[in-house]
Amino acid sequence: MPNQESENASTLTPEQRLTPASFDVLRACIVTIPDVETVRECVAYENAHQNREPILRVLAQQAAKVRDES
């Protein structure tokens, strides 16, 4: 039986992941990204909308983590 939290984490859109006002909530949304493609989508969304350097750094860290785990 799949873990519902994992399913929900992978179905969030980049907008849903990157719009929380709290940096802690944003970080939590980012560290639950399960694959590099989703990280890329989030980076594209962030670049097109707010382009916040701290968020882009966390996304880069998550991409590296996902690649290392693969």
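**Note on an all-helix chain: core, packing and selected residues**

1. From the N terminus on, the elements run α-α-α-α-α. That is five helices and zero strands. Helices (H or I, at least four residues) and strands (E, at least two) are DSSP runs, numbered from the N terminus. The model is predicted, so local features need pLDDT of at least 70 and side-chain atom pairs count only at pLDDT 80 or more, while totals for chains, interfaces and linings use all residues. Residues are numbered from 1 along each chain as its sequence is written, and side-chain values use heavy atoms, with hydrogens and water left out.

2. Burial across the chain. The chain has 70 residues, and 31% of them count as buried. Buried means under 20% relative accessible area, exposed over 50%, and partly exposed in between (1.4 Å probe, protein chains only).

3. Contacts across the chain. Take the contacts with a separation of 6 or more: 57% of them come from residues 24 or more positions apart. Contact means heavy atoms within 4.5 Å.

4. The largest nonpolar core. It has 12 residues: Leu-18, Leu-26, Ile-30, Ile-33, Val-39, Cys-42, Tyr-45, Ile-55, Leu-56, Val-58, Leu-59 and Ala-63. At least two residues of this core come from each of α3 (23-31), α4 (36-49) and α5 (53-69). Helix α5 gives the most, with five residues. A nonpolar core here is a set of buried Ala, Val, Leu, Ile, Met, Phe, Trp, Tyr and Cys residues joined through side-chain atoms within 4.5 Å.

5. Packing of α3 on α5. The angle is about 25°, and the axes are 10 Å apart. Axes are lines fitted to C-alpha atoms, for helices over the stretch in contact; angles run from 0 to 180 degrees between N-to-C directions. The two helices, α3 and α5, are therefore roughly parallel to each other. The cut-offs are under 35 degrees for roughly parallel, over 145 for roughly antiparallel, 65 to 115 for roughly perpendicular, and oblique for the rest.

6. Residues of that contact. From α3 come Phe-23, Leu-26, Arg-27, Ile-30 and Val-31; from α5 come Pro-54, Ile-55, Val-58, Leu-59, Gln-61, Gln-62 and Lys-65. They divide into eight nonpolar, two polar and two charged. Ala, Val, Leu, Ile, Met, Phe, Trp, Tyr, Cys and Pro count as nonpolar, Asp, Glu, Lys and Arg as charged, and the others, Gly among them, as polar.

7. Ile-30. This residue is found in helix α3. Its relative accessibility is 0%, so Ile-30 counts as buried. Leaving aside neighbours within four places in sequence, Ile-30 is in contact with Leu-18, Ile-55, Val-58, Leu-59 and Gln-62. Ile-30 and Ile-55 are 25 residues apart in sequence, yet 8.8 Å apart in space, C-alpha to C-alpha.

8. Glu-46. Look for Glu-46 in helix α4. Glu-46 counts as buried because its relative accessibility is 0%. Not counting residues up to four places away in sequence, Glu-46 touches Leu-18, Asn-51, Arg-52, Ile-55, Leu-56 and Leu-59.

9. Asn-51. The loop between α4 and α5 holds Asn-51. Asn-51 is not a glycine, although its phi is positive, about 55°. With 43% relative accessibility, Asn-51 counts as partly exposed.

10. Thr-38. Helix α4 also holds Thr-38, which counts as buried at 10% relative accessibility. Not counting residues up to four places away in sequence, Thr-38 touches Arg-17 and Ile-33.
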